[in-house]
Amino acid sequence: MYGGYIIEEAGVYDLYANPRHPYTLGLIGSLPQIHEESHKKLFSIEGMPPVLYQKPTACPFAPRCSFVTERCWKENPVLEPVSEGHRVACWVNTSNGSK
Ligand code: SF4
């Protein structure tokens with residue numbers, strides 16, 4: 001969930017193996033890796049969470065998203081199936097960059 005919306009829904013194995021939403025990608029990218037020897041700084045998503053008392057007219061993740069497009073500032077995406085049992089609310093296909 002992000003900003004009060006379900007932004008990605010999948011089985012746990014599918015979600016970790018094939019994350020699609022930019023927020024999910026950021027969350028998974030911020031996980032510490034136990035096998036890493038160096039103590040590098042963990043990835044963090046820049047910016048702040050949205051104000052929850054205002055209904056968004058755009059994608060609530062747009063101000064923090066590295067995939068953001070013009071459409072993201074105009075319409076809040078709804079969940080759409082991307083594969084069996086896997087739904088994502090995003091205008092961009094992050095697996096191939098297509099819009
Ligand atoms: S709809 Fe746009 S801003 Fe929102 S997560 Fe997808 S690419 Fe990012």
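The model is predicted: local features need pLDDT of at least 70, side-chain atom pairs count only at pLDDT 80 or more, and totals for chains, interfaces and linings use all residues. Residues are numbered from 1 along each chain as its sequence is written.

Start with the overall layout. The protein chain holds 2 helices and 3 strands. Helices (H or I, at least four residues) and strands (E, at least two) are DSSP runs, numbered from the N terminus. Read from the N terminus, the order is β-α-α-β-β. The C-alpha trace spans about 45 × 30 × 25 Å along its principal axes. Of the 99 residues, 21% count as buried. Buried means 20 or more other C-beta atoms within 10 Å of the residue's own; exposed means 12 or fewer, and partly exposed lies in between, with C-beta atoms placed from the backbone.

Now the sheet. The 3 strands form an open sheet in the order S1-S3-S2, with antiparallel pairing. Strand S1 (8–9) and S2 stand at the edges with a single partner strand each, so one side of each has no neighbour in the sheet. Two strands pair if DSSP finds at least two bridges between them. S2 and strand S3 (residues 86–88) are joined by 3 bridges. Glu80 has Val88 in S3 as its bridge partner.

Turn to the ligand. It is surrounded by 14 residues, and the closest are Cys59, Cys65, Phe67, Cys72 and Cys90. A residue is near a molecule if its C-beta atom, placed from the backbone, lies within 6 Å of it. The shell has 12 nonpolar residues, 2 polar and no charged ones. Here Ala, Val, Leu, Ile, Met, Phe, Trp, Tyr, Cys and Pro count as nonpolar, Asp, Glu, Lys and Arg as charged, and the others, Gly among them, as polar.

Beyond its neighbours within four places in sequence, Cys90 contacts Arg20, His21, Pro22 and Pro77. Contact means C-beta atoms, placed from the backbone, within 7 Å.

Finally, Arg64. This residue sits in the loop between helix H2 (22–29) and strand S2 (80–83). Arg64 counts as partly exposed because it has 18 C-beta neighbours inside 10 Å. Not counting residues up to four places away in sequence, Arg64 touches Ile45, Glu46 and Gly47.

Notes
Contact = placed C-beta atoms within 7 Å.
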